[in-house]
Amino acid sequence: MMMFSEEYRHMIDQVHPNDELLCHILESAHSGKEKKSKTSASFRKPVIAVIAVCICMSLSVPVLAEKVEPVYQLMYTVSPELAQFFMPVQKSDEDNGIKMEVASACIRGNAADIYITMQDLTGDRIDGTTDLNDSYSINRPFSSLASCQRVGYDQKTKTATFLISITEWGNQKIAGDKITFSVGEFISGKKDYEDIRVPVDLSSAATAKNIKKVDSTGGSGKDYEKYIVEGKTTALTPSRAMDGFPVEGIELTGIGYIGGKLHIQTAVYDNLDKDNHGYFYLKDADGSIVDLDYAFSFLNQFQQPGRIDYDECVFDVPQKKIGNYILYGSFVTSSMHTEGNWRVTFPLKQAEAS
């Protein structure tokens, strides 16, 4: 008896989609998704990805929906217009008691979308906050931009579903007859600290006496390019962690003025296993928000044990007026890190124009 995936593949092989319609739907899906990007976040690692391929087809939704698995039902929930263009893969790998399955994939031109699931077979390491921590990759000879969003979690089966989107640089067309997708780690037990008030009296912020030159490892904000010159900038010299900072896993290590701008610094130890991060902002007496001018990050060292990641937010508020503001912030932390080697190779087909 023909398996469902084989039957499905046979059906879609018989169909040639309208190319104009296909382009419109895929471009709309890529532009409209809210997702965690490996390149947009200020302090994220760059990604080298390698791509997979899929067949795109115009199979009607009801035909597929009659016997789909939960992940396919989820695909239609996330993006019903795009879901019908995915090809089933259904290949899996297990390591460290965790099962990773590549459920389906779709690719056209230089862009690919891949649905995967991660299931804990022995414990409770997968939850509704699980994050692949930028550890996924696809074997390709060209660099790519990639993003990942968690689109579902089934508490009963301890299974999280992710949609990974990859766009190859230089408009390089994704080609080949097979692709290998891998994941190396994930974090879970994430906690959000949204719009929390930080118990610091900003009127006491003084001109910093201890400052130093640092090499910026990334940053953001409208004046980032202005104050980061050839990768270097001036930062507060980290001090002892201040008491009362209300975020577990992040330390407040400095507040002071440098060159007429307010600098606020945080530190995270061994952050490659956590991805703890966040940002500050100010509120005035009316509750109006003043965003940071720019932010940058730096390290005490790179690959050696004892690495500390520092983030510094900078505000363009005169020292004589800073007492009129209250410090707020939003942060994300995690409490569990799991490593493994999950790898799946599956065949690919590049969609052809009709």
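Is Leu 132 buried or exposed? Leu 132 is buried, because its relative accessible area is 0%. Please keep in mind while you read that this is a predicted model.

## Around Leu 132

Let us stay with this leucine for a moment. Leu 132 sits in the loop that runs between β4 (111-120) and β5 (136-138). Which residues does Leu 132 contact, leaving aside its neighbours within four places in sequence? They are Ile 116, Met 118, Cys 148, Phe 162, Ile 164, Val 183, Glu 185 and Phe 186.

## His 337 and its partners

Two names from that list, Glu 185 and Phe 186, come up again with a histidine. His 337 lies in strand β20 (residues 336-347). Not counting residues up to four places away in sequence, His 337 touches Glu 185, Phe 186, Ile 187 and Asp 273. With Glu 185 there is also a polar contact, side chain to side chain, at 2.9 Å. Asp 273 is 64 residues from His 337 along the chain, yet the two C-alpha atoms are separated by 5.9 Å. His 337 counts as partly exposed because its relative accessible area is 25%, and partly exposed begins where buried, under 20%, ends.

## Asp 223, another loop residue

Asp 223 is found in the loop between β11 (218-220) and α6 (224-227). Its relative accessible area is 15%, so Asp 223 is buried. Once neighbours within four places in sequence are left aside, Asp 223 is in contact with Asp 293 and Tyr 294. Tyr 294 returns below, as a member of a ring cluster.

Gln 90 has a phi near 55°, a positive value in a residue other than glycine. Asp 195, also not a glycine, has a positive phi near 50°. Where do they sit? Gln 90 belongs to strand β2 (residues 87-95), and Asp 195 to strand β9 (residues 191-197). Gln 90 is partly exposed, with a relative accessible area of 24%. Asp 195 is partly exposed too, with a value of 38%.

## The sheet that holds β9

The strand of Asp 195 is part of an open sheet of four strands, in the order β9-β19-β15-β16, with antiparallel pairing. Which strands are at the edges of this sheet? They are β9 and β16 (289-290), each of which pairs on one side only. Strand β15 (residues 277-283) pairs with β16 in the antiparallel sense over two bridges. In one of the bridges to β16, Leu 282 has Val 290 as its partner. In general, strands of a sheet pair through backbone hydrogen bonds, either parallel or antiparallel.

## Aromatic rings

How many aromatic pairs does the structure hold? There are 11 aromatic pairs. Two of them are set out here.

| Pair | Geometry | Centre to centre | Angle between planes |
|---|---|---|---|
| Phe 86 and Tyr 115 | edge-to-face | 5.1 Å | 65° |
| Phe 245 and Phe 331 | edge-to-face | 5.7 Å | 80° |

Why does the pair of Phe 86 and Tyr 115 tie together parts of the chain? Phe 86 lies in the loop between α5 (80-83) and β2, while Tyr 115 lies in strand β4, so the pair joins parts that are 29 residues apart in sequence. Phe 86 and Tyr 115 are both buried.

The pair of Phe 245 and Phe 331 links distant parts of the chain, 86 residues apart. Phe 245 is in the loop between β12 (232-236) and β13 (251-258), and Phe 331 is in strand β19 (residues 326-333). Phe 245 counts as buried because its relative accessibility is 14%. Phe 331 counts as buried at 3%.

Other rings come together as a group: Tyr 227, Tyr 294, Phe 296, Phe 298 and Tyr 310 are linked by ring pairs into a cluster. Tyr 294 in this cluster is also one of the contacts of Asp 223.

Lys 283 lies over the face of Tyr 328, at 4.2 Å from the ring centre.

Note on methods. Residues are numbered from 1 along each chain as its sequence is written. This is a predicted model: local features need pLDDT of at least 70, side-chain atom pairs count only at pLDDT 80 or more; totals for chains, interfaces and linings use all residues. Side-chain values use heavy atoms; hydrogens and water are left out. Buried means under 20% relative accessible area, exposed over 50%, partly exposed in between (1.4 Å probe, protein chains only). Contact means heavy atoms within 4.5 Å. Two strands pair if DSSP finds at least two bridges between them. A polar contact is a pair of N or O atoms within 3.5 Å; within protein, one must be able to donate a hydrogen and the other to accept it, and residues adjacent in sequence count only if both atoms are side-chain atoms. Rings of Phe, Tyr and Trp (its six-membered ring) pair if their centres lie within 6.5 Å; planes under 30 degrees apart count as stacked, over 60 as edge-to-face and the rest as tilted. A charge sits over a ring if NZ of Lys or CZ of Arg is within 6 Å of the ring centre and within 35 degrees of the ring normal.
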